[in-house]
Structures are given as C-alpha cells and as structure tokens.
Amino acid sequence: MIEIPESYTIAKQVNQTVKGKTISYVKANQSPHAFAWYFGNPEDYNDLLSGKTVGLSSPVSGLIEIEIEDCRLVFGDGAAVRYYDDLKKVPKKHQLYVEFDDSTAIVCTVQMYGGMWAFRDGEFKNLYYLGAKEKPSPLSEKFDKEYFRSLRTEDTKKLSAKAFLATQQRIPGLGNGVLQDILYLSGIHPKRKMFDISDEEYDRLFESIKDTLRKMADLGGRDTEKDLFGNPGGYKTYLSKKTLMTPCVKCGHELHKESFMGGTIYYCEYCQVL
C-alpha cells in the first residue's frame with residue numbers, strides 16, 4: 001500500500017520519467033474492479049487527458065498527485081503504479097493505462113482497492129484528498145513538536161496508540177504499515193492507551209515519526225512495498241511480514257503478530273510493554 005514513504009518515492013520517480021511528456025492515449029477501467037475508484041465516468045478520461053503535457057508530480061501524504069495542465073491525476077494508497085518503457089510488457093489486465101507520445105506508459109492495477117482520480121483542478125471534493133493537502137506532512141518542517149502536541153486532546157485519551165496514529169486522518173498517509181516501526185522504535189505497544197503514554201514518551205513518539213518516515217522516504221520506501229519500476233524499497237523493516245520469524249533485533253526474543261482494529265499488528269512484548 002502507498003503510504004508517506006512510497007508516495008514520496010514514486011512522485012519523485014514520475015518526475016524523472018514522464019514530466020514534460022505528452023499523453024497520447026488513456027484507457028480507464030479496461031478490467032473492471034469492484035473496488036477501483038474513479039472520479040466521474042472513467043470512459044471520459046481519454047478525452048480529458050489526451051494531448052496534454054505532464055507537469056510536476058507531488059506526494060500528498062499517502063497520495064500521488066500529477067499535474068496535467070488544467071487537470072490532475074491522483075493515485076490512492078491501494079493503486080500499484082508502474083512505468084513501462086516497453087509496451088509489450090504491459091499487463092493485459094489493468095485499471096488505468098496512460099500512454100505517452102514516446103511509446104512509454106504508466107499503468108495502474110488494483111488488487112484489494114485503490115483510487116485513480118482524473119479531474120480538472122478544483123473539481124475533486126474528496127475529503128481524504130482535501131485533508132491530505134491541508135495538513136502538514138511529517139516530512140515537512142511544519143510538522144513540528146508543537147503541531148504534534150496539538151493532536152493530543154481529551155478526545156484521544158482513550159484511543160490506542162495505533163488508533164491515534166492511523167485513524168480519523170489525524171496524520172494523513174501514516175497508516176498501519178509504517179506505524180509498526182514507528183511504535184517499535186519509540187518503545188510503545190500499539191495497544192497502549194494514549195492516557196497511559198507520558199509526555200516524555202509522546203515526545204519520543206514524535207521523534208520516531210519524523211526520523212523513521214524520513215529514513216523510509218530517503219531509502220526509496222519500505223522493503224515490503226514496490227516503487228514505480230516494481231523494485232522493493234531500500235528501507236529494511238523491523239516489524240513486518242518479512243521479519244515475523246526473526247528475533248527482535250533489540251532483545252533477541254520472539255516477535256509477535258496478531259489482529260487488531262481490522263488489521264495486523266507486529267510487536268515485541270519485551271521492548272513494547274503493554
């Protein structure tokens with residue numbers, strides 16, 4: 001899934017590969033998917049985008065936004081975006097195909113769910129998108145200690161650490177994937193209640209958010225996710241499906257996995273005491 005490190009990485013790669021190119025053809029919804037989301041009618045995407053030049057691509061929390069003259073193309077967290085310089089290698093099944101005038105293409109496929117929204121600038125009123133554009137990214141200077149402290153309110157006291165970080169779009173783009181290492185490196189169990197977390201621990205959590213996400217982004221995303229070219233990221237996760245059968249690198253004890261809040265959590269019961 002695309003979270004902050006992946007949106008940062010893929011937006012950068014899109015700028016390096018297709019910025020300045022002209023779109024020659026677009027096909028949306030060739031392989032219908034119940035949880036592939038579009039803005040308006042996907043059949044209109046070709047008329048909307050063809051003949052236009054690709055501008056700057058930017059990470060917007062867990063989204064990737066591409067400027068295409070007076071339009072925008074936005075990819076959501078479940079969209080697998082790939083670049084092809086050989087059109088013969090394009091998969092037969094896809095949910096969005098964007099071909100350029102030099103016979104290269106960006107192709108998007110969806111397995112579980114994902115958004116591929118094309119629209120004229122200003123038309124898209126999706127609350128997730130608007131919130132992501134409005135709130136500061138943890139990778140920015142605006143996301144400072146004072147701002148992070150403002151997120152902790154009376155209403156958040158009964159939330160678990162996982163719920164605090166990854167629900168209500170409190171920090172857009174910070175999801176269940178990246179929070180595993182953030183909590184591990186700050187020594188906080190994902191089930192711990194926020195009222196039980198001291199001010200010192202909360203400040204440590206802030207530092208972990210800033211440092212961990214920056215390392216993930218600078219290393220091209222996590223090793224559990226793939227970039228624009230289908231390559232895994234260079235950041236080696238401490239807690240993920242790739243490390244489950246390995247011992248904790250801090251204490252050597254067995255790592256744990258369980259279901260919580262509709263998803264999976266990983267933790268070390270010794271280094272993240274509940």
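Student: What joins strand 2 to strand 9, and how do the two run?

Tutor: Two bridges join strand 2 to strand 9 (residues 114-120), and the two strands run parallel. Strands here are DSSP runs of E with at least two residues, helices are runs of H or I with at least four, and both are numbered from the N terminus. Two strands pair if DSSP finds at least two bridges between them, so strand 2 and strand 9, with two bridges, count as paired. This is a predicted model, in which local features need pLDDT of at least 70 and side-chain atom pairs count only at pLDDT 80 or more, while totals for chains, interfaces and linings use all residues. Residues are numbered from 1 along each chain as its sequence is written, and side-chain values use heavy atoms, with hydrogens and water left out.

Student: What makes strand 2 and strand 3 edge strands?

Tutor: The open sheet has five strands in the order 2-9-5-4-3, with mixed pairing. Strand 2 (36-37) and strand 3 (54-60) each pair on one side only.

Student: Why are helix 6 and helix 7 called oblique to each other?

Tutor: The axes of helix 6 (residues 179-186) and helix 7 (residues 199-218) cross at roughly 130° and come within 9 Å; such axes are lines fitted to C-alpha atoms, for helices over the stretch in contact, and the angles run from 0 to 180 degrees between N-to-C directions. Angles under 35 degrees count as roughly parallel, over 145 as roughly antiparallel, 65 to 115 as roughly perpendicular and the rest as oblique. Helix 6 and helix 7 are therefore oblique to each other.

Student: Which residues of helix 6 and helix 7 meet?

Tutor: With contact meaning heavy atoms within 4.5 Å, Asp181, Ile182, Leu183, Leu185 and Ser186 in helix 6 meet residues of helix 7 that include Arg204, Leu205, Ser208 and Met216.

Student: What makes the phi of Glu69 worth noting?

Tutor: Most residues other than glycine have a negative phi. Glu69, in the loop between strand 4 and strand 5, has a positive phi of about 55° although it is not a glycine. At 47% relative accessibility, Glu69 also counts as partly exposed.

Key: Buried < 20%, exposed > 50% of the residue type's maximum accessible area, 1.4 Å probe, protein only.
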